[in-house]
Amino acid sequence: MAASPTSGGTGGMLDAERANCSFDVQKLMNMLGMDVRLEQLREARDLFKSHPAFKDDPHEEYMSYADQFKSQLEHAVAAIQLTRDNPSFMLKHMAGKIQMSDMFHTNGIGIHFFMFLTFLKSNGTKEQHEKWLDLAMQGKFMGCYCQTELGHGSNLRGIETTAMFDKETDEFVIHSPTLTSLKWWPTGMYASTHAVVMANLILDGKVCGVQGFFMQLRDEHGNLLPGVEVGEMGPKIHHSKCNIGYARFTHVRIPRFNMFSKFYQVTREGKFITPPPTLGRFKNISMMEVRMMIVGGASSSLGKAACIAARYSCVRKQGFLDTTANAGANDPEFTIMDYRMQQYRVLSALALSYSIRWAAHYITEYLKRVQKAIDSGRLDAADELPELHASLSGLKSWSTIIAHGHMEDLRKACGGQGFLRSSGMPDIVESFCDPATVEGEQVIMALQCSRFLIKSVGQIKNKRSADVKGSVRYLLDPPLKKLPFETWASASPEDLVAMFRDRACRQAIGLEERFSAAMMGGKSFTDATNATMVHGYKAAGCHSAYVTISRNLDALNDFVKPKDMAIYNALLNLFHLTALRQINDDLGDWFGCLTQSLVDSLMDHIYTLLDKIRPDVVGLVDALGFDDDQLHSTLGRYDGNVYEAIYEQAKLSPLNQSPKMVGWESLSTILDLGFLKEGIGQRVEGATESMQRLNIASHGIGQQANVGAVAASPTSKL
């Protein structure tokens, strides 16, 4: 289709790409569960569009800060009401099959349903559940989670907020004693009526550790309760984040009942009852759930960005096919996906998205299994929590940082159009600043993983190999002295996994050796940790990369290969690409085992993989199951009509609603209006003369055309 005054000429280009795909896209969607999810999402969308609040796009990007908040809150309230009125939808939402964030900006209220509610379920007693749980699940009150403080983040033991027990009144007194003790960053806080407040429990002047407390913030009129100060923090990196708050408590009294007491209790007499050490580990499982969701979100957000960039790259043309010819506007051009560098950027990101997806599935099933065991009363399930916590911490750090970097690169790969918010790319990149930052800063998360690696290597050195469990069993493997292949083409998937396993093992052992040497040299545990922190960050990243790449191959072999070989081969190409891209990015990590020939030929083999994946690229992004409503992108449209969409979105700007310039009254005061008026007169005179010349020329051309037509006629007579 050629371009015209009403068409960008890209219609049909993506369908032509889809015809080149080597596998059944619908079948891959079925494997990933995206067909069912997409159908359920569309049903939910139809339900929501029946409500007046969801009939039109509010275009929040053009709203003021306060209006954005009110608009998002109205949507959240309407969504909760729709959920209450539709039990079948409620069940799907509670089962995690429908995410509210797929349909509207949730205003941060979603934190109530996945973090506040999770903490209540996992840390509340039977009596507390009876009093609060049903109301919380229905959204009859709104809760947030208050842990981070203005002066303290990841150092949980450094929290300054206090909960002092008053024996006389049988109450806790919650207090923020310093400016740095203000609760800072709780998502959803401004619109919350209640909160889980993490505070240091104090009994008879003794600090007994951080516990969670159920606190009411507002009364039935929306006013703050005495002693409670709550505010919203103001603009953040992304325009839609307008419900992240802070809180200060001044001697606020709450009943003793309001301390979450499933694991730790305070008696009426003020005695502190602690659980067995293994049971106490369950206290933070709600935080693990959030980190698990963040790892899944890294795959999803990167997949969206890859989908937009891939589709746009397959319709955007740039550069003539024949640069030696005297090319003009209508001569053939390359689509930018045919440029090697564009393939390298876009396909690498797509491959990584699939890889993290498999790792997220693994860690999700792992956590579900442990939670199920806990719920059934199996205390031995606590033995798996240190390894689960370490893997989640490492994966949260590694996956969010590497995925976020690729998202920004994909935005840049869309050129100038990627700068437009209507492209969808800025929203993806900016929104993911949130999960890349919250629930544990990347270095702190990595160090929690590295401490577990140090401990595990130490267990092996102390002849306690049986204590080394789960994802770190690779520490028992012998070193990889020589690669079992001489060319990349002959390397099996298992060979590549072995390379990642060997690197992770070398880094972990090296870290432990440095740490032990620091301790033997007289450093304290804290100083030794600080001295080896850079190595620890590296080791945790290598461990997480190994977990990701190994689970990727496990999924392909165990889940995909038995069902469809064409899909298996297509996804195996992605596996090879993400493995080799990471090897190429960190080539120095393998200098001990790579030959010069392998180093020199690495990029050549990556080019071969890009050629294999190129025909499948649109099918691979289609299979991720993101429809136009989810992508919210002018560049990622399923039909490929990007230029029409870009133009229509641009016309929506408030500045484009009148032929007269907004703000002209101000600008005109510094202009020479006479000069502008004079220019209009010249334009009218010039246009009249031009039309006269055009009419004369047209008349002459018409005569020449008639003569030519007569001369060309075989029956004409001159």
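Arg42 forms a salt bridge with Asp627, with 3.6 Å between the closest N and O atoms; a salt bridge here is a side-chain nitrogen of Lys or Arg within 4 Å of a carboxyl oxygen of Asp or Glu. This pair links distant parts of the chain, since Arg42 lies in helix α3 and Asp627 in the loop between α20 (617–622) and α21, 585 residues apart. The model is predicted, so local features need pLDDT of at least 70 and side-chain atom pairs count only at pLDDT 80 or more, while totals for chains, interfaces and linings use all residues. Residues are numbered from 1 along each chain as its sequence is written, and side-chain values use heavy atoms, with hydrogens and water left out.

**Salt bridges**

- Side chains of opposite charge can pair when their charged atoms come close.
- A search of the whole structure finds 40 salt bridges.
- Arg42 counts as partly exposed because its relative accessibility is 42%, whereas Asp627, at 9%, counts as buried; buried means under 20% relative accessible area, exposed over 50%, and partly exposed in between (1.4 Å probe, protein chains only).
- Lys183 and Glu149 meet through their side chains in a salt bridge of 3.2 Å, N to O.
- Lys183 is in strand β4 (residues 183–187) and Glu149 in the loop between β1 (143–146) and β2 (162–166), so that the pair links distant parts of the chain, 34 residues apart; helices (H or I, at least four residues) and strands (E, at least two) are DSSP runs, numbered from the N terminus.
- Both Lys183 and Glu149 are buried.
- Asp502 and Arg506 also meet in a salt bridge, at 2.9 Å from N to O.
- Asp502 and Arg506 are four residues apart in helix α15 (residues 493–520), and therefore separated by about one helical turn.
- Asp502 is buried at 8% relative accessibility, while Arg506 is partly exposed at 35%.
- Through shared partners, salt bridges join Arg42, Arg45, Lys49, Asp627 and Asp629 into one network.

**Helix α3**

- Helix α3 (residues 34–49) has 16 residues and should span 22 Å at 1.5 Å a residue, which agrees with the 22 Å between its end C-alpha atoms; the expected span is 1.5 Å times one less than the number of residues.
- The buried residues in α3 are Met34, Leu38, Gln40, Leu41, Ala44, Arg45 and Phe48.
- These residues cover an arc of only 165° around the axis, which puts them on the same side of α3; the arc is that of the directions from the helix axis to the C-beta atoms.
- Among the elements covering them are α2 (25–32), α4 (65–85), α5 (87–94), α10 (340–375) and α21 (628–631).

**Nonpolar cores**

- The largest nonpolar core has 129 residues, of which Tyr354, Trp488, Leu571 and Ile583 touch the most other members; such a core is a set of buried Ala, Val, Leu, Ile, Met, Phe, Trp, Tyr and Cys residues joined through side-chain atoms within 4.5 Å.
- Helix α10 gives this core its largest share, 18 residues.
- Beyond its neighbours within four places in sequence, Ile583 is in contact (heavy atoms within 4.5 Å) with Trp488, Leu496, Met499, Phe500, Trp590 and Leu602.
- A second, separate core of 46 residues includes Leu117, Cys146, Ala163 and Phe263.

**Cysteines**

- The count of disulfides is zero, a disulfide being a pair of cysteine sulfur atoms within 2.5 Å.
- Cys449 is in no disulfide, and the nearest cysteine sulfur, that of Cys542, is 10 Å away.
- Cys449 is buried, at 1% relative accessibility.
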